[in-house]
Amino acid sequence: MCTACEELVDPKQIKLDEIINKYKHENGPLIPILQHAQEVYGYLPTDVLKHISKATRIPLARIYGVVTFYAQFRLTPAGRNVINVCLGTACHVRGGAKVLETIEKVLKIKDGATTEDRRYTLEVVACIGACGLAPVISINNEVHGRLLPESIAGILAKYE
Amino acid sequence: MAENKRILVCAGTGCASSGAHKLIDALKVELKKQGLEETVSIVGTGCQGFCEKGPTLVIEPEDILYTSVTPEDVAEIVATDIMKGERVERLLLVDQVTQKPVSTLSEIRFFAKQHRIVLKNCGVIDPQKIEEYTARDGYAGLQKVLKEMSPEEVLEEVKKSGLRGRGGAGFPTGLKWGFCRQTPSDKKYIICNADEGDPGAFMDRSVLEGDPHSVIEGMLIGAYAMGVDEGYVYCRAEYPLAIKHLEIAIRQAEEAGYLGNNILNSGFNFKLRVFAGAGAFVCGEETALMASIEGKRGMPRVRPPFPAVSGLWGKPTNINNVETWSNIPHILRNGAEWYAQFGTEKSKGTKIFALTGKVNNTGLVEVPMGTTLREIIFDIGDGIQNGKAFKAVQIGGPSGGCLPESMLDLEVDYDTLTKAGAMVGSGGLVIMDETTCMVDIARFFLNFSTKESCGKCTPCREGTKRMYEILDRITKGKGKAEDLDTLENLALTIKATSLCGLGQFAPSPILATLKYFRHEFEAHIFDHKCPAHACSALLSYTIDAEKCKGCGMCAKNCPATCITGEKKKPYVIKEEDCIKCGTCIEKCKFDAITRA
């Protein structure tokens, strides 16, 4: 392939087409395609959704309906570190709300937002199933348990 | 001395976050240093259940339990226990009654009072190795079924065992299977519901992480009994380790000939795959779950037709949850009569509870049905943290209710709990002490139901929101006298008119709290007081200038940096920035800070 063409072919796009081709002939392909597409792009840009719609012949409106229904999908890019604050019952009883308030104060953002420097995205989740260690947060899927408000800043600082 | 020893390190989600993987690495290095890497094996297991004291490790064959182990402790454990056969006393658990260290699992009350059937392998085997499962009679149930039993006989055995669905409603499993078997169709499906969304429940995650083959074997037996050749495990995406272990287990089972075509030369075929959920609590409802697999928004639909008649892609489908499937191999291996000896008259077998909240021993507990709440909380759970008083136990998640001290001698089974205004649900037990406000808890659950309502039917979408608004107002000290009647009316309407279980049971937490803790609601509404000192809008923190020595400990630890002052002079709290976390009170050595 000549160098000019290489620039035109986006490696992410190639991956996306591989994903679509892998699932398109299976029953109920939409959610796995969206999950893998989000792994590739970090979020689900409008152009990607349009492309999936064309390739799978699923109407864009239906795809948008599914994307906005499930908590896992995001339409805007996340920060480099995604913080999930658990507010399940066990965490709530052991002071999860205070952990959240502290993180909101330290990072100066609210639930669902990303810091300006794109370092952190803050999300509240219902339960990550580590209730024995409540209150817990997970950062990039790493679980931190038995948290105290005063230990938050130190943990956050470890994630660049 | 060190020969044939096995070190079982808990590497479940809980202990992994407490540092289990560093511990395993340190053990490997130390064993190699001592030349023991050939004689002593290290096994990273699934959840051993004792999350509170994690990371935990067990040394076999003596079954010695060490708790809160760090990499720094490794050299001593290897030198003392592995090489000399003596105990490292400082890492043993101390019995709270006798105040003496206890070493073996059978002496530790947290384990001794349990009866582990489903959790038999959890924390004992390496879940990523099929041979460890087969070495403990794994797939023996399937072999027996395929060689000796007809599908009707299997169905009969499950019916006779008295097993009821562990996902919440407690519907008899054998009966449910019978419906699916009876429906004539060219294609049928079975599904394992692993969308464990109830906050405070993590038994399904632990079973999938720690013993995934037991779920696969249970599904295989079910598929044979119902005449099904394809199945799905619908697992929530928040459980990456469970999905990973399950996928490894499916691959190994395929290679070993337990999954695929002509299984064990019996002519029986079964294909199993994992479907990762995308994050929606309502997908735990069976019709919503199936819509999700079909690639749609996970919204429930009206039943009938029930899934056994028209389920996934319109085909007859049977859905059971993880714990239910995991019971099946044990029933077929040991017989229905063996299984039915455990439990109460109408609820047979054991149930796993996730014990969390303000209790000393948090973790996973498997006990026969009919065990009292008091035994679970005070004997196994070792009572309330920090010597505080017990207030309530929340059971059954967002569909259950809070029960007070007077109900602790209730024998837990499906029927007694429903009668008391709670439900077994998935088995989450969240313990609350005197510092937990019951109005706040009711508000918490309504907030959860509001957020997770799929929006399809009006009573659930609008009703839970209105209830939440009222409760939110009460916790802010702005409740009105008529609020309690309005709440009760709304609750009963939502219960009677919602489309699915999420809506029908969303008012349960508030109905139960109103029944047992009405006085707390009244204190908020009429006296503008939160008896538990938990509702921050009704609290204020002040520093007593006379008692304050100006040490600055409060300001140093305040996460909101709202305390200011000069050394050796009284400090002041800036009220509008205070998040009312109470850290300052804990840190003050001079009792100078008051909360009112």
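Two strands pair if DSSP finds at least two bridges between them, and the strands themselves, like the helices, are DSSP runs numbered from the N terminus (helices H or I with at least four residues, strands E with at least two). With that in hand, take Val9(B), which sits opposite Gly44(B) in E2(B). E2(B) is joined to strand E1 (residues 6-10) of chain B by five bridges, and the two run parallel.

Some housekeeping first. This is a predicted model, where local features need pLDDT of at least 70, side-chain atom pairs count only at pLDDT 80 or more, and totals for chains, interfaces and linings use all residues. Residues are numbered from 1 along each chain as its sequence is written, while chains are lettered from A and ligands numbered from 1 in the order in which they are written.

**The two sheets of chain B**

E1 and E2 belong to an open sheet of four strands in the order E2-E1-E3-E4 (chain B), with mixed pairing. Strand E2 (41-45) and strand E4 (64-66) of chain B are at the edges with a single partner strand each, so one side of each has no neighbour in the sheet. From one strand to the next, the twist averages 20 degrees. Helix H2 (residues 20-33) of chain B packs on this sheet and touches E1 and E2 of chain B, its direction making about 160 degrees with that of E1(B). For such angles, axes are lines fitted to C-alpha atoms (for helices over the stretch in contact), and values run from 0 to 180 degrees between N-to-C directions.

The other open sheet of four strands goes E9-E8-E7-E10 (chain B), with parallel pairing. Its edge strands are strand E9 (271-276) and strand E10 (317-321) of chain B, each pairing on one side only. Strand E7 (residues 189-194) and strand E8 (residues 230-235) of chain B run parallel and share six bridges; Asn193(B) stands opposite Tyr234(B) in E8(B).

Here are helices lying across these strands:

| Helix | Strands crossed | Angle |

**A helix pair**

H10 also has a helix partner. Helix H7 (residues 151-161) and helix H10 (residues 212-226) of chain B pack at about 120 degrees, with axes 7 Å apart. That makes H7(B) oblique to H10(B), given that under 35 degrees counts as roughly parallel, over 145 as roughly antiparallel, 65 to 115 as roughly perpendicular and the rest as oblique. Pro151(B), Val154(B) and Leu155(B) of H7(B) meet Ile221(B), Tyr224(B) and Ala225(B) of H10(B); contact here means C-beta atoms, placed from the backbone, within 7 Å. By class, that is six nonpolar, no polar and no charged residues. Nonpolar covers Ala, Val, Leu, Ile, Met, Phe, Trp, Tyr, Cys and Pro, charged covers Asp, Glu, Lys and Arg, and the others, Gly among them, are polar.

**Domains and the chain contact**

Chain B splits into domain 1 (6-112), domain 2 (130-340), domain 3 (350-433), domain 4 (438-526) and domain 5 (540-595), with bounds from an automatic or database domain assignment. The centres of domains 2 and 3 of chain B, over C-alpha atoms, are 27 Å apart. There, 14 residues of domain 2 touch 16 residues of domain 3 of chain B.

Finally, the contact between the chains takes 48 residues from chain B and 40 residues from chain A. Elements giving two or more residues on the chain B side include helix H1 (13-17) and helix H17 (438-452). That side has 21 nonpolar, 19 polar and eight charged residues.

Key
Two residues are in contact if their C-beta atoms, placed from the backbone, lie within 7 Å.
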